[in-house]
Amino acid sequence: MNLKLNIIVAVSENMGIGLNGDLPWRLRKEMAHFAKLTKHTQDPQKKNAVIMGRKTWESIPAKNRPLAGRLNIVLSRHIQELGDDVLVRRSLEDALSCLQEESLGNLTENVWVIGGSSVYKEALTSPFCHRVYLTRVLKTFECDAFFPEIPEDSFKIVRDSAVSEDIQEEDGITYKYQVYQRVIDK
């Protein structure tokens, strides 16, 4: 598997991504966009992997865990097991290593990092990080978790045919999708 890591995140104008272990907004269409991107594969025999920290895992309503149609990988130094269809790894590096093993690598098409802050920060600096799928929520929200700045010298905005370039509006909140790609894949 030629490992390319994608980050997917929604941020407020102040780069906030969460408050008290939850999203600061409720945007159903934006969540559908997240599901569509993280589930879609070219090869119907393969799945995508979603990598998340323990707090992100716990923020997903129990009835929606694990995220359906995707290989869920939870990063934790303390939890050993979370049941069927969920892998637990100690670090992002461990998760990426297991995805490169032949047994999983042949079954996995895309790898998505879905949160939280520290996992995003580490993924952004990973040599495997290829793209950042960012939803800019055009409003400031009170947040206690934030997305790191995207290094302008390392990433540029690109077009992706799977992502609308139009301004979105839902429940009085406007947002837009942006796709950043690493300028120099290391």
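Which residues are exposed on the other side of α1? The model is predicted, so that local features need pLDDT of at least 70 and side-chain atom pairs count only at pLDDT 80 or more, while totals for chains, interfaces and linings use all residues. Residues are numbered from 1 along each chain as its sequence is written, and side-chain values use heavy atoms, with hydrogens and water left out.

Helix α1 comprises twelve residues, 28-39, and reaches 16 Å from its first C-alpha to its last, close to the 16 Å expected at 1.5 Å a residue. The expected span is 1.5 Å times one less than the number of residues; helices (H or I, at least four residues) and strands (E, at least two) are DSSP runs numbered from the N terminus. Buried residues (under 20% relative accessible area, against over 50% for exposed and in between for partly exposed; 1.4 Å probe, protein chains only) of α1 are E30, H33, F34, L37 and T38. They lie on the same side of α1, because they cover an arc of only 115° around the axis, the arc being that of the directions from the helix axis to the C-beta atoms. On the other side of α1, R28 and K29 are exposed.

In α3, the buried residues include L92, A95, L96, C98 and L99. Their arc around the axis is only 160°, which puts them on the same side of α3.

Residue G53 is located in strand β3 and counts as buried at 10% relative accessibility. Leaving aside neighbours within four places in sequence, G53 is in contact (heavy atoms within 4.5 Å) with V74, L75, G115, G116 and V119. Between G53 and F141 there are 22 Å in space, C-alpha to C-alpha, and the two are 88 residues apart in sequence.
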